[in-house]
Amino acid sequence: MRKSPIHLDPDTAGVLRRDRVAIAAGFFGYAAVLVWRVGAQAVLPALLVFGLLATALVVCDIRLLRLPDALTLPGYPLLAALLLIPFDGDAYGRALIAMAACYLVHLALALAGVGVGLGDAKAAGLVGLVVGWSSWAALIQAMVLAYVAVGLFAVVLAVTRRAGRGSSVPFGPFLLGAALAVVLVHGA
């Protein structure tokens, strides 16, 4: 029997199976607003795939405190191919530069050990690819929103004594959630 090129570890597969209703509900809510907001534009398939991927990644990061490679890595070629459909060279070039910039900045943060993990760096590349396709302003808004939101969340956890100095806060839900919000606001 041939093994699938995308191998889900048992923990990830279990989360995706157990939380399929939450993932589906989150995706369909996003998709409904997106279709209403964007309409039948050529970029819609890429934004829908990103929404499904982001929703699954958010649930995995909340449950497992990691963003699995089996979900992030296939997103790169898939989204890059889907973003070719609109055939906008300027937007596509900006998306590729934004992808590389977001990945490299977050990789540097991960290697510096400042609370961002390697999975976050890979997810940041996906965010750069999709949100960067829209505009530089949209990408900056998504990043600022993600960092402000995770910072406020950490402060609330500290004030309510639900977390201490060594506690971990998953960054993926804030990063991907900010990206989804900005996509909905900016459209295509």
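D69 forms a salt bridge with K122, the closest N and O atoms lying 2.6 Å apart; a salt bridge here is a side-chain nitrogen of Lys or Arg within 4 Å of a carboxyl oxygen of Asp or Glu. The two residues belong to distant parts of the chain, D69 to helix α4 and K122 to helix α6 (residues 118-134), 53 residues apart. D69 is partly exposed at a relative accessible area of 36%, whereas K122 is buried at 18%. Buried means under 20% relative accessible area, exposed over 50%, and partly exposed in between (1.4 Å probe, protein chains only).

The model is predicted: local features need pLDDT of at least 70, side-chain atom pairs count only at pLDDT 80 or more, and totals for chains, interfaces and linings use all residues. Residues are numbered from 1 along each chain as its sequence is written, and side-chain values use heavy atoms, with hydrogens and water left out.

The chain holds 8 helices and 0 strands, in the order α-α-α-α-α-α-α-α along the sequence. These elements are DSSP runs numbered from the N terminus, with helices being H or I of at least four residues and strands E of at least two. The radius of gyration is 16 Å, close to the 16 Å that the globule rule gives for 188 residues, so the chain is as compact as a globular protein of that length. That radius is taken over C-alpha atoms, and the globule rule is 2.2 Å times the number of residues to the power 0.38. Along its principal axes the C-alpha trace spans about 50 × 45 × 30 Å. Of the 188 residues, 45% are buried. Among contacts with a separation of 6 or more, 76% join residues 24 or more positions apart; contact means heavy atoms within 4.5 Å.

Helix α3 (residues 44-64) has 21 residues and, at 1.5 Å a residue, should span 30 Å; its end C-alpha atoms are 30 Å apart, which agrees. The expected span is 1.5 Å times one less than the number of residues. After α3 comes L65, whose phi is positive, near 60°.

The salt bridge count is 3. R66 sits in the loop between α3 and α4 (69-82) and D9 in the segment before α1 (10-18), 57 residues apart. R66 is partly exposed, at 31% relative accessibility. R63 and D19 also meet through their side chains, at 2.8 Å from N to O. Here R63 is in helix α3 and D19 in the loop between α1 and α2 (20-38), 44 residues apart. R63 is exposed at 53%, while D19 is buried at 10%.

Nonpolar side chains tend to be buried together in soluble globular proteins. In this chain the largest nonpolar core has 54 residues, of which L47, F50, V127, V131, L175 and L176 touch the most other members. Such a core is a set of buried Ala, Val, Leu, Ile, Met, Phe, Trp, Tyr and Cys residues joined through side-chain atoms within 4.5 Å. At least two residues of this core come from each of α1, α2, α3, α4, α5 (89-112), α6, α7 and α8. Helix α3 gives the most, with 11 residues. Leaving aside neighbours within four places in sequence, F50 is in contact with L79, L126, V127, V130, L176, A179 and L180.

T72 is buried, at 0% relative accessibility.

There are 3 aromatic pairs. One of them joins F27 and F28, which are tilted, with 5.3 Å centre to centre and 55° between the planes. Rings of Phe, Tyr and Trp (its six-membered ring) pair if their centres lie within 6.5 Å; planes under 30 degrees apart count as stacked, over 60 as edge-to-face and the rest as tilted. F27 is buried at 13%, whereas F28 is exposed at 55%. Y147 and F171 form another tilted pair, 4.8 Å centre to centre with 40° between the planes. Y147 lies in helix α7 (residues 136-159) and F171 in the loop between α7 and α8 (172-186), so the pair ties together parts that are 24 residues apart in sequence. Y147 is partly exposed at 35%, and F171 is buried at 4%.
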